[in-house]
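Please look over the sequence and the structure shown here before reading on.

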Amino acid sequence: MAEAAGSKAPPQQHPCCSICAEPTAPSEFHRGGSACAHAFCGACITGHVRARLESGPGAAAAVRCLDASCGGRLDPELCRAALPADVFERWCAALCESMFVGARRTYCPFPDCSEMMVADDDEEGDGGKPVTQSQCQVCRRLFCAQCAVRWHADVDCAAYKRGDRSREDLMLMEMAREKKWRRCPKCDFSVAKRDGCLHIICR
């Protein structure tokens with residue numbers, strides 16, 4: 001029997017995401033790994049990557065496929081279209097940081113920069129002396145790699161640590177005493193408490 005004139009065809013059902021079971025348009029499915037063909041909705045991929053990022057940088061380095069039976073890893077570039085920009089950037093930063101786990105790190109001593117750098121395994125320069133004068137790769141300012149302070153051109157590290165410092169440094173130390181600033185026992189930076197609890201975490 002012929003269909004009645006003007007009757008509409010039933011709406012096409014979209015396939016469901018295997019994680020959230022929500023109907024999802026085929027164009028909204030995203031493959032996350034190059035080693036497998038599993039595809040999921042953007043919301044599930046985003047939630048999965050966010051959860052791994054909260055677990056720490058080591059966990060972010062090995063974000064597995066959402067399918068429990070699959071051992072493949074998600075590829076950030078393949079997931080990029082499904083992820084919000086902030087999640088993608090955090091994931092990439094965590095991946096970069098995970099490459100330096102166990103490496104000796106140093107930080108630019110200038111507060112407006114504080115860029116992390118990896119210190120050389122060989123602490124001695126070409127002449128057999130410890131490497132002291134270093135340049136931040138971001139702000140390009142000089143600092144002492146041994147003392148972790150701005151470059152002290154007029155005095156060597158031993159004299160600097162004894163307190164044989166420039167007039168500006170002595171003025172800063174005097175101000176630190178007056179304002180009751182404390183020094184971090186690990187990095188030797190002066191710290192001023194503005195608010196919050198007394199707990200301080202070294203950079």
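How many disulfides does the structure hold?

## Cysteines

The structure holds 0 disulfides, a disulfide being a pair of cysteine sulfur atoms within 2.5 Å. The cysteine sulfur closest to that of C17 belongs to C41 and lies 3.8 Å away, which is too far for a bond. C108 is likewise in no disulfide, with the sulfur of C139 as its nearest, 3.7 Å away.

C17 counts as buried because its relative accessibility is 2%; buried means under 20% relative accessible area, exposed over 50%, and partly exposed in between, with a 1.4 Å probe and protein chains only. C108 is also buried, at 0% relative accessibility.

## Basis of the model

The model is predicted: local features need pLDDT of at least 70, side-chain atom pairs count only at pLDDT 80 or more, and totals for chains, interfaces and linings use all residues. Residues are numbered from 1 along each chain as its sequence is written, and side-chain values use heavy atoms, leaving out hydrogens and water.

## The chain as a whole

The protein chain contains 6 helices and 9 strands (DSSP runs numbered from the N terminus: helices are H or I, at least four residues; strands are E, at least two). Of its 203 residues, 28% are buried.

V87 is part of helix α4, residues 85-98, and is buried, with 0% relative accessibility. Beyond its neighbours within four places in sequence, V87 is in contact (heavy atoms within 4.5 Å) with T46, V49, R50 and L53. V49 is 38 residues from V87 in sequence, yet their C-alpha atoms are 7.7 Å apart.
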